[in-house]
Every structure is written in C-alpha cells, then in structure tokens.
Amino acid sequence: MDNGTLLLVDDEAEIVKLMQIYLENEGYRLLTARDGLEALEIVSKETIDLMVLDIMMPNMDGIEACIKIRETQKFPIIMLSAKGQELDKITGLSVGADDYVTKPFSPLELVARIKSQLRRTRNYMGDLAAKQDEILIDGLLINSATHEVSVDGQQVKLTPREFAILEFLARNAGQVISMEQIYAKVWKEQFLESNNTLMVHIRKIREKIEANPRKPRYLKTVWGVGYKIDKEG
C-alpha cells in the first residue's frame, strides 16, 4: 500500500524513528533528512506529496528551507518546533507552511494532520483536473474526459467525430479555424476541396446543439475561411 511519499526533516533521531513507525504503518513511503540542505537535495530528486519540517536545525533551519522550497514546490508543509510562541507560528505560516505542530506532540495528532493536508490537496487537484476537462461557453458545456455535451443543461448526443470537431473549435474559441485545420486535426488527413464530409458534420452538429441551425448561436461560418465559436462575454 502506497498512500504517498512524505519527507520528514528533523535532526532528532528519536522523533524520526517514532514517526517512521506510525507513518509506514499508515502506508506512506517515508524519506528523511537531518537539516534543510539535505531536504533541498531530496526535493530536487524525488516527488514529494507532503513535508514535515522542523524549524530548529543545524546548517539550514526550517524557515530558510521552506522559503527556498516554496520557490518551486507547492506540496503541503507542516512545520515542527519546540517553540510554542505565537511569533514562530506566524513566521512559519507566512513563509509558506500550511500547518504548524508544537513539540512535544502526539504522533497520532501529526498523522491526522498529515492525512487532512493530503486529503485537502488531493480534493483540490481533483477539482482542478475536472475544471480543466470542461469547456463552458454561454451555456454550451463540453467535457473532454467523459465526451459529454450539454446545451443549457440539456444533454446532447454527438458521434465521436462530431465531438472532436466541436471540442477543437471550443478549445480555440474566438479564433477562425480553417477547414484544412479541422480536417488535419480530426481526420488526420489532408483536406480536399471536393470533399464535403466536414460540411455534413458541421450541419449535423448544428442540428443537435443549435435552437435554430440557420442562425447559429455557437458554431458560426466565416465564409471563405472556416468556422469558429465565439468566446463567452
């Protein structure tokens, strides 16, 4: 079971050994470093899902390491410190930490905070990926992942090739796309002037997504050039 890769950065061997037991028992792959410099080296070579970072360490402390890591990385960082003063928490959070745990701490509490941060990050990334799969233009919703299309909430059934044409135009909304470009993208072939296949597909798409295909709201013809879908707003 691999629930993700964690990096624990702390110069106290007892804490590292203790947390290793808890975290590996939860199915995490655990990497460890003794100071900020070692942490930076590991981050440059490994894909990290979350870091637990102590503040007080030799060579490079957690604050400086956090600042450098945040220049390139966005994974969650939980700060650890023996200090319990409000200023330390504010400093840690202000330089890019997502959470703060004061030593001595309960291993179960730290595990719970790690799970919470990972869950939040994965939910956010899932939502972001879902949004990137969707194109919404004035009531026309196209989902690239599910190949679903709806107009003002009403689902429309398109063939795979019709979907490919519509998606291509929608992803380039506001631009006039030539018949040659569409044919090359969808059919992977060179367009021939005598071939009216594309025009037939355009007509069928309009019949499915337009309230009035003769006066299209979405899929418009630019005579002598090609087709386009206007950007919303």
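Q: In this predicted model, at what angle do the axes of helix H6 and helix H7 cross?

A: Two packed helices are described by the angle between their axes and by the distance between those axes. In the case here, the axes of helix H6, residues 160–171, and helix H7, residues 179–186, come within 10 Å and cross at roughly 125°. H6 and H7 are therefore oblique to each other, and their crossing is right-handed.

Q: Which residues of H6 and H7 meet, and how is the contact of H6 with H7 made up by class?

A: On the H6 side, Arg 161, Ala 164, Ile 165, Phe 168 and Leu 169 take part, and they meet Gln 181, Ile 182, Lys 185 and Val 186 in H7. By class, the contact of H6 with H7 has six nonpolar residues, one polar residue and two charged residues.

Q: Turning to charged pairs, how many salt bridges does the count come to, and which residue forms a salt bridge with Lys 115?

A: A salt bridge is taken here as a side-chain nitrogen of Lys or Arg within 4 Å of a carboxyl oxygen of Asp or Glu, and by this rule the count comes to 17. One of the pairs joins Lys 115 to Glu 26, with the closest N and O atoms 2.9 Å apart. Lys 115 lies in helix H5 (residues 107–133) and Glu 26 in the loop between helix H1 (13–25) and strand S2 (29–33), so the pair ties together parts that are 89 residues apart in sequence. Lys 115 is partly exposed, with a relative accessible area of 33%, and Glu 26, at 26% relative accessibility, also counts as partly exposed.

Q: Where do Asp 98 and Arg 70 lie?

A: Asp 98 forms a salt bridge with Arg 70, the closest N and O atoms being 2.9 Å apart. Asp 98 is found in the loop between helix H4 (86–94) and strand S5 (99–102), while Arg 70 is in the loop between helix H3 (62–69) and strand S4 (77–81), so this pair ties together parts that are 28 residues apart in sequence. Asp 98 is partly exposed at a relative accessible area of 37%, and Arg 70 counts as partly exposed at 24%.

Q: Which residues are linked in a network of salt bridges?

A: A network of salt bridges links Asp 10, Glu 12, Asp 54 and Lys 103.

Key
Residues numbered from 1 in each chain as written. Predicted model: local features only at pLDDT ≥ 70, side-chain atom pairs only at ≥ 80, totals over all residues. Heavy atoms only, no water. Axes fitted to C-alpha atoms, helices over the stretch in contact; angles between N-to-C directions. Helix = DSSP H or I, 4+ residues; strand = E, 2+ residues; numbered from the N terminus. Parallel < 35°, antiparallel > 145°, perpendicular 65-115°, else oblique. Left-handed = near helix turned anticlockwise from the far one by under 90°. Contact = heavy atoms within 4.5 Å. Nonpolar A, V, L, I, M, F, W, Y, C, P; charged D, E, K, R; others polar. Buried < 20%, exposed > 50% of the residue type's maximum accessible area, 1.4 Å probe, protein only.
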